[in-house]
Amino acid sequence: MQYQLLIFTLAVMALVAYPFWRVASTASQKAEPAAYAKVERGRNILLAGLTVLGLAVTVVTLRPWPHDAQAAGTAQIVKAVGYQWYWELDKEEVAAGTPVVFEVSSADVNHGFGVYDEDGTVLFQTQVMPGYVNKVKHTFTRPGTYRVLCLEYCGAVHHEMIGEFEVVAAN
Ligand code: CUA
């Protein structure tokens, strides 16, 4: 997914850079008025196309957000509190296959609650703010040891603000 995104980003960058390159490479040539009109029409078409493409990409990629954090009757609730510089989770174990709602808050400053699987891939994240409880829902499919990393710089030992919990197979 990340690789496809990179390719897509490079393609769009090339598309955006092309008119600049055209202008720079033809700057010394004397263009006829008709040629100006042609360039302008091409530019308008490109602009309209990029606008439509941008809107489409925005709508398609943002549709799954925000995550539905309404606690379903069967959801497991984990209360997580961020401190400088550690996490406190009220459960060390959750079951795979059933939604888990993380209710996240901070005891001091802003933190970022990022949950990573065993391969080091971030699964989801949410802001951690004093005075607020942010909820994020996720259903784990694979048992294993998951890690919580702080994703917002929160002081000298930010990088060691790492928590852990187990996902066990549903019984
Ligand atoms: Cu907590 Cu960075």
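What follows is a short chat about a predicted model.

Q: What should I know before reading this predicted model?
A: Residues are numbered from 1 along each chain as its sequence is written, and side-chain values use heavy atoms, with hydrogens and water left out. As the model is predicted, local features need pLDDT of at least 70 and side-chain atom pairs count only at pLDDT 80 or more, while totals for chains, interfaces and linings use all residues.

Q: OK, helix 1. How many residues, and how far does it reach?
A: Helix 1 has 25 residues. From first C-alpha to last it reaches 36 Å, close to the 36 Å expected at 1.5 Å a residue. The expected span is 1.5 Å times one less than the number of residues. Helices (H or I, at least four residues) and strands (E, at least two) are DSSP runs, numbered from the N terminus.

Q: Where does helix 1 bend?
A: At A17, by about 30°. A proline, P19, follows within four residues. The bend is the angle between axes fitted to the seven residues ending at a residue and the seven starting there.

Q: Which residues make the nonpolar surface patch?
A: Y3, L6, I7, L10 and M13 make a patch of about 530 Å². Patch residues have over 30% relative accessible area and no salt bridge; like charges are joined within 9 Å, nonpolar side chains (Val, Leu, Ile, Met, Phe, Trp, Tyr) within 5 Å. Areas come from the Shrake-Rupley method with a 1.4 Å probe, and for residues only the protein chains shown count as cover.

Q: Where is L10 found?
A: In helix 1, residues 2-26. L10 is partly exposed, at 46% relative accessible area. Buried means under 20%, exposed over 50%, and partly exposed in between (1.4 Å probe, protein chains only).

Q: Switching topic. How many salt bridges are there?
A: Three. Each needs a side-chain nitrogen of Lys or Arg within 4 Å of a carboxyl oxygen of Asp or Glu.

Q: What does K79 pair with?
A: E103, with the closest N and O atoms 3.3 Å apart. This pair links distant parts of the chain: K79 is in strand 1 (residues 76-83) and E103 in strand 4 (residues 99-106), 24 residues apart.

Q: Is E103 buried or exposed?
A: Buried, at 15% relative accessibility. K79 is partly exposed, at 45%.

Q: And R142, how far is it from D117?
A: Their closest N and O atoms are 3.4 Å apart, in a salt bridge. R142 sits in the loop between strand 7 (134-139) and strand 8 (144-150), and D117 in the loop between strand 5 (111-116) and strand 6 (122-128), so the pair ties together parts 25 residues apart in sequence. D117 is buried at 10%.

Q: What about R142 and D119?
A: They form a salt bridge too, with the closest N and O atoms 3.4 Å apart. Salt bridges that share partners join D117, D119 and R142 into one network. D119 is exposed at 60%, while R142 is partly exposed at 42%.

Q: How many disulfides does a search find?
A: Zero in the whole structure. A disulfide would be a pair of cysteine sulfur atoms within 2.5 Å. As for cysteines, C150 is buried at 9% relative accessibility, and C154 is buried at 6%.

Q: Last one: where is the cis peptide bond?
A: It joins Q84 and W85, with omega about 5°. W85 is found in the loop between strand 1 and strand 2 (86-89). Most peptide bonds are trans.
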